[in-house]
Amino acid sequence: GQPVGHARQDVLTLRRTRVRLDNLSDMPAHLSVRFHSKALRCREESVHVAANSHHYLQFDFKPRRPNAAYSKQVTIVNTRNANNEVAISFTSANIDPRNVSIHQLFYRLGLST
């Protein structure tokens, strides 16, 4: 898919990215955003884009643990044309220079009945 890179990203630090979607058709499009992730979020699950227009999708990325080769594919489907879908690949090297992930281990919730 189309790459969107974040190079290096500190664990538990939020980074926002906007992706421009262009509707090159003379007809309006209804787009569905499909993916599953705890670290990556999109503010819109579906969007209408007017004919010959564009729309920006905003993605929030907040890695929860170190991962030198993080990658997540997001699929955007035109629900009015099943043959029209676009894949976007989000990549990042998630680092933990402040040892935040180790600090998290000391905080746990318990439940007593």
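In which strand is Asn94 found? Asn94 is found in strand E8. This is a predicted model.

**The largest pocket**
- The volume of the largest pocket is about 350 Å³.
- Its lining consists of 18 residues. Leu21, Asp22, Asn23, Leu31 and Val86 lie nearest the centre of the pocket.
- By type, the lining residues are 11 nonpolar, four polar and three charged.
- Five strands each supply at least two lining residues: E1 (2-10), E2 (15-22), E3 (29-34), E7 (67-78) and E8 (85-95).
- E2 gives the largest share of the lining, with four residues.

- Beyond its neighbours within four places in sequence, Asn94 is in contact with Gln9, Phe61, Pro63, Arg65, Pro66, Asn67, Ala68 and Tyr70.

**His30, in strand E3**
- His30 sits in strand E3, one of the strands that supply the pocket lining.
- The side chain of His30 makes a polar contact with the side chain of Thr79, at 2.7 Å.
- Setting aside residues up to four places away in sequence, His30 touches Ser46, Val47, His48, Val77, Asn78, Thr79 and Arg80.

Key. Residues numbered from 1 in each chain as written. Predicted model: local features only at pLDDT ≥ 70, side-chain atom pairs only at ≥ 80, totals over all residues. Heavy atoms only, no water. 1 Å grid on protein atoms, 1.4 Å probe; cavity = no way out; pocket = protein on both sides within 12 Å on 5 of 7 lines; lining within 4 Å. Points joined across faces, edges and corners; volume = space filled by probe spheres on them. Nonpolar A, V, L, I, M, F, W, Y, C, P; charged D, E, K, R; others polar. Contact = heavy atoms within 4.5 Å. Polar contact = N/O pair within 3.5 Å; in protein donor to acceptor, adjacent residues only side chain to side chain.
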